[in-house]
Amino acid sequence: MKKLIFLVLSLIVAASVLVACGSSEEDKVEATETVNALGPSVRTEGPKTEAETPAATKPEAEPVKREDYDYFFDFKAPEGNPRDIVYDYMYAMSQIKWTAAESWTTTWKGEGDFGVNLSYEKGKTYYGVPYARTNATLEEFELFLPANKRFTPTPSPYYEEIVGNHCSSSMVMSFQQIIPLTYSGSLKPVTTRTEYLMFPEPLEVPPSRNPNNPDDWISATVFSHNGQEAVFEAYTKLDKGDILYKSIDGSGHTRMVSKVEVSRSVAGKIIPARSYVYCLEQTNAWADSKKESTWFIDRKYTFSQLYDTFFMPVTLKIYHEENPVIEDAYIAMKGKNTPETIKKMLNGTIESNFPLAYARLTITDKDGKIVGEHLEYYLTKSFKINLRNFTYKLGLDKLEPGEYTFNCRAGIARGGVDIETVKFTID
């Protein structure tokens, strides 16, 4: 009986600390896990094939000619320490304050292999961009916060649809403040990501488990190849804005580093149980009993805990450059709309040199009420969007006679901009 009671209590404790989040591997939508933050148990959702729509090709690195576009907007490169820029953006996403305009529960719309069950109460104040699959930036979430900061789950309360982000997408949006790293792809230094990502010294990329795929390796492969002492030493090299990445077959979880505290013996040997990495992470669990945020801020993990739960240290190459160069970004459009073209077929192709986060098209009546809307979001590696594809999603053919205004807005991680505002009349 005592053994049975102990087993039940153990299961209850384990369930109370489950943390789930999404990560992505190259050419996969996302693989998601349910993880005991301090333990080894994992449940995974298998990877799926992603339909690459809209276009997912980064523009060639040629000088951009503004005169080739009908609209062009510059997002100047942020100034300062790249680590601070990245971390400050992530932290800002965790701190945004809003009130629930209604009560709802965020769950899976379809089938999910990990738990998402977050209940929000009407009138209660919350902090941080909501937990969701949809890769939202801070500015994108703010689009749906009116002046009174009362948020209605948009476009639905479901995990797959509500405007928000999760562990890896929140981090990628932060990294996109300084580099054009796409969401669709791993946050580990695989061959397609070595332009941006690397292991801190002394770790090295392990041999692949598959001779036909150089990137077929996971955390366990890295640990086995390098050895425990090398992994512990690499933890000591982490700093603000770096990555802790748990990679297992078909799944993963990511955390952003805020700081590291290292304890060594008199002989200089790392004491892993007394050395800590402090992290900022977006999760599917409430941060505390107040149930006001799904963001864990400065939660600390010992080196031993991180090693035992397969978290690899990863860093951005730009952090280690002597004179890091952060590119200016732009949003531009070729083609434009007129009161006549809008009623037939939308014109224009939106482009950027950084991954596009969203495009929002709205039709408002003369009183300012939205009567037609389309949000193109949950983008992974899109650098171009053709507005023609969204003509019929706005319901232009169903408008009653009257005066209307068409607005097109698009955004990257650094922010958004209104590209077009066109007034037109339906007779």
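Let's start inside the protein: its largest cavity has a volume of about 60 Å³. A cavity here is a set of points on a 1 Å grid over the protein atoms alone where a 1.4 Å probe fits but cannot get out. Grid points are joined across faces, edges and corners, and the volume is the space filled by probe spheres set on the points. What you're looking at is a predicted model, where local features need pLDDT of at least 70 and side-chain atom pairs count only at pLDDT 80 or more, while totals for chains, interfaces and linings use all residues. Residues are numbered from 1 along each chain as its sequence is written, and side-chain values use heavy atoms, with hydrogens and water left out.

Searching the whole structure turns up three cavities of 30 Å³ or more. Among the residues lining the largest cavity are Asn135, Met173, Tyr183 and Leu379; a lining residue has an atom within 4 Å of a point. By class, that lining has seven nonpolar, three polar and no charged residues. In this scheme Ala, Val, Leu, Ile, Met, Phe, Trp, Tyr, Cys and Pro are nonpolar, Asp, Glu, Lys and Arg are charged, and the others, Gly among them, are polar.

Now zoom out. The chain has eight helices and 22 strands, which are DSSP runs numbered from the N terminus (helices: H or I, at least four residues; strands: E, at least two). Of its 427 residues, 54% count as buried, meaning under 20% relative accessible area with a 1.4 Å probe, protein chains only. Take the contacts (heavy atoms within 4.5 Å) between residues at least 6 apart in sequence: 67% of them join residues at least 24 apart.

Next, follow some strands. Two strands pair if DSSP finds at least two bridges between them. Four of them make an open sheet, in the order 4-16-17-20, with antiparallel pairing. Strand 4 (71–75) and strand 20 (384–386) are the edges, each pairing on one side only. From one strand to the next, the twist averages 10°, using axes that are lines fitted to C-alpha atoms and angles that run from 0 to 180 degrees between N-to-C directions. Within this sheet, strand 16 (residues 329–334) and strand 17 (residues 349–352) pair antiparallel over four bridges, and alanine 332 stands opposite glutamate 351.

Strand 5 (residues 97–100) is worth a look too. Three bridges join strand 5 to strand 8 (residues 125–127), running antiparallel, with tryptophan 98 partnered by tyrosine 126. Strand 5 also pairs with strand 9 (residues 150–151), this time in the parallel sense over two bridges, and there alanine 100 stands opposite phenylalanine 151.

Key. On a 1 Å grid over the protein atoms alone, a cavity is a set of points where a 1.4 Å probe fits but cannot get out, and a pocket is an open set with protein on both sides within 12 Å along at least five of seven lines; lining residues have an atom within 4 Å of a point. Buried means under 20% relative accessible area, exposed over 50%, partly exposed in between (1.4 Å probe, protein chains only).
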